[in-house]
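Here is a short note to read alongside the structure. Please keep the view open while you go through the points.

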Amino acid sequence: AQRAAAGLESSLKSIAAVTFAGLIAGIGGITAAIAISTKAAAEWETQMLDVAQLADINIKTPGGLTEYNKLSRELLNTYADIPVQKTDLFTAVKPYAAANYTGDVLSNLTESTAKWHETSTVATDDISNMIIALAAINPQAVKAAGGIDAWADQVFSGMSRAANDAKISSQEIVSGITQSAGSLNKWGLQNKLPEQIALLTTLSQYGLDFGSWKTTLSSAVSGPGLTGPSTMTPELSRALASTGINLPYENLVKSVSAKGKVSIKSEKIQYKGYDIAAAIMGYEDANAFMDAYEKDAPTLMFNTMDKIKSLGLPSLRENELYGLIFGERAARELPKMGGVNAGEYYADLLKTITPAYNDGSLATELYTIKQSGLEAQWDKMTNRGDVVKTLLGDMFKGPVKERVESFSDSLRDTITWLEGITDKATLPDGTL
């Protein structure tokens, strides 16, 4: 009996220890979950309050709070469906909010930008700022598409085709467009997005942009191995002379001393980029060349590139000439294009970009293809786990503020939402 009593006591102590340990662990786990979740919710709310301020949403009014909550939930859905980093999501939405886009348009723009970021790897704020800049100078194109959010999909599709066909990065195209967007109004390219994309892709491919070209044309940089302001080397001068282009690198100045001694002194001639370009293109002078630039810089740029290629200069001299007229980057990139005619290259690119832009579905198709991979599915699940924490954090705030009854309402809403994203959380083989 004593042994039985001792055994029972021992068993009860063991059960008590296990039960108590489990209880403590459970409480600790719940406490940790609350801490993690409320932290996630606070981080999300901090970012959302920044967006609200930029979008001029007054959350102290009933209408403003409703708009705020709707935008927050839509962005959470985007975050759950697209494996984008949270920081990238908010750097996408903030420029649009600051540009006064609101409601569904703001949500749609952010979603499209996040998707194209995942396909192109271009920074989300660079994408947003590019769309805003292009929309400002292409209002009719935006209107024809039915709004900026639908139009952005067309732009992303055209640029996806351009990047694929040109074999350069989307980031290079975005940078070229952002730098040159203000110049496009000059040359009758307003509302012609395929032409703009094809043109600026071609320039990126050749290492050019309008801003740097005008600076180079007005500069007088020393040629290789020379000191002083001359832009012409003896070797390049002689190479051009062999093609009938007269650009001497020096003047021989005769002087006579007081004692009657005659001396010949060499003075290097200072040229600027537009002096050399005007001579090569057969213009009367630099002013005539720059007048042509202001009227149609893209055509003049292509024609000048092709003219240099047609001269048949030795490769070193040709590269030197490219550098003097178009800048050092062009001197590196232009030779890589071989004998490709720049005007023809642009025309061929335009033929493939135009249907992609008009259809507007290519960017979404490329995104869908990329998301079919297992890695992307896991990234989505990571985001969804973060969303669940954020929603739980919102739920935990309810009982504190509005008594326990509010918790059941929050829980019901969250379960409904979780059912929705769980239905979509399947791998390509159909398993959850």
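1. Just after helix 4, Thr121 takes a positive phi of about 65°, a positive value in a residue other than glycine. Thr121 is found in the loop between helix 4 and helix 5, and because its relative accessibility is 61% it counts as exposed (exposed means over 50% relative accessible area, buried under 20% and partly exposed in between, with a 1.4 Å probe and protein chains only).

2. The model is predicted, so local features need pLDDT of at least 70 and side-chain atom pairs count only at pLDDT 80 or more, while totals for chains, interfaces and linings use all residues. Residues are numbered from 1 along each chain as its sequence is written, and side-chain values use heavy atoms, with hydrogens and water left out.

3. Helix 4 itself covers residues 103-120, where helices are DSSP runs of H or I with at least four residues, numbered from the N terminus. Among the buried residues of helix 4 are Leu106, Leu109, Trp116 and His117, and what covers the buried residues includes helix 2, helix 3 and helix 17, contact meaning heavy atoms within 4.5 Å.

4. Asn191 also deserves a look: this residue has a positive phi of about 65° although it is not a glycine. Asn191 is found in the loop between helix 8 and helix 9, and at 28% relative accessibility Asn191 counts as partly exposed.

5. Finally, consider a helix pair. Phe302, Met305 and Asp306 in helix 13 meet Ala342, Gly343 and Tyr346 in helix 16.

How values were computed: Helices (H or I, at least four residues) and strands (E, at least two) are DSSP runs, numbered from the N terminus. The expected span of a helix is 1.5 Å times one less than its number of residues.
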